[in-house]
Amino acid sequence: MLRLTRRSTFAALAVLASAAAAIPGTVRAADPVKLEIGYIPILAASPLFIVDGQGWAKDAGIALKLTRFESGPHAIQAMAAGQIDLLYAGVAPVLVARTKGVDISVIANSAVEEMVVAARGPFAKAVGATPTAESFKKFAADTGHKPKIGTQPPGSVPDTVLKHWLFKVVKVDPADVELVPMGIEKTQQALLAGALDAATIREPTVTVTQQMDPNVVLLATGAQMFPDQPGTVVSARAEVLKKNPDAIKALVKAHIRAVELIAKDPAGSAKIVNNYLGKGLMEPATLEAAFKGPGSKFVADPHKVVPAVEQMMAYTKEIGSATETVPVAEAFDFSFYDAAVK
């Protein structure tokens, strides 16, 4: 009679496992696909936080590592160097990078019409609800200094759409305004501290600043700054797309699911996102209000933003952020989104 001990049992199982691995056609659990995703700390990155927080990536056999950046251009530099695999950030830096030969593609959209122009203090009162070129000029003459408007670095979406609003829509003389590039968090701090007269900001910064100072007013919405303003997209390095097509498709599918969850359950979504953006310091109710604000418009379908992206690409060349343009359609790889929705 054969007697099995604990040790002999484990030894037998090990032998069986080894034998199974050697048999053609035998399936064993694959190691998770590791993907490092960069993001800008804004509400438009919420689908990423939900995918990670809900464990949907893990369920699909993907191990995510999230890396935070303060601006799109800085994140694109990291992606070009191969330091991150995917990125949730503005579309403008992606297009500019492609003109310089960086092989990255947009695989999904996240949000549109995110940026707003917020102002406070004497400048807000001076320009009123309908800013004009004359009101900018008069403010500079009355105060002795040009209005300072904070934004992100040249080539970023905030910088691009701000210049479009100032110089194309309001027709402000560039000599009558001072643009100050800085990081997202510093922009909020500088606006509230009075170091800036206005700033281009996104949610949840819009809601947070208005809660901290009710005198903060919106001078322009995203639609007013740049109609159908393209904003945050999901982009990836070509090498990553070729190496892990199934994982990328699963990730895009989870991204679409997260966008749908935000629309159906903003309160529940706010609680999840708070762990990433709020770091426990922001009330979920603040994020829920941000989801309902004028700067929150989530759209996952990349097909829908192409016309506006083409207009933005042309404008980045006009203002010198890009020295040349590339066919916008070539910057998009729709195959992963199309496969995910099927």
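The 35 positive and 33 negative charges of the protein have mean positions 7 Å apart. Lys and Arg count as positive and Asp and Glu as negative, leaving out His and the chain ends; each charge is placed at NZ of Lys, CZ of Arg, CG of Asp or CD of Glu.

The model is predicted: local features need pLDDT of at least 70 and side-chain atom pairs pLDDT 80 or more, while totals for chains, interfaces and linings use all residues. Residues are numbered from 1 along each chain as its sequence is written, and side-chain values use heavy atoms, without hydrogens and water.

Overall values for the protein are as follows.

| Property | Value |
|---|---|
| Box filled by C-alpha atoms, along the principal axes | roughly 100 × 45 × 30 Å |
| Accessible surface (Shrake-Rupley, 1.4 Å probe) | about 16,100 Å² |

Carbon and sulfur atoms account for 54% of the accessible surface. Of the 342 residues, 54% are buried, meaning under 20% relative accessible area with a 1.4 Å probe, protein chains only. There are 17 helices and 10 strands, taken as DSSP runs (H or I, at least four residues; E, at least two) numbered from the N terminus.

Helix H16 covers residues 306-318 and spans 18 Å from first C-alpha to last, close to the 18 Å expected at 1.5 Å times one less than its number of residues. Its buried residues are Val-306, Ala-308, Val-309, Met-312, Met-313, Tyr-315 and Thr-316. These pack against helix H5 (91-99) and helix H8 (157-169), where contact means heavy atoms within 4.5 Å. Just after H16, Gly-320 has a positive phi of about 90°.

Definitions and conventions. Buried means under 20% relative accessible area, exposed over 50%, partly exposed in between (1.4 Å probe, protein chains only).
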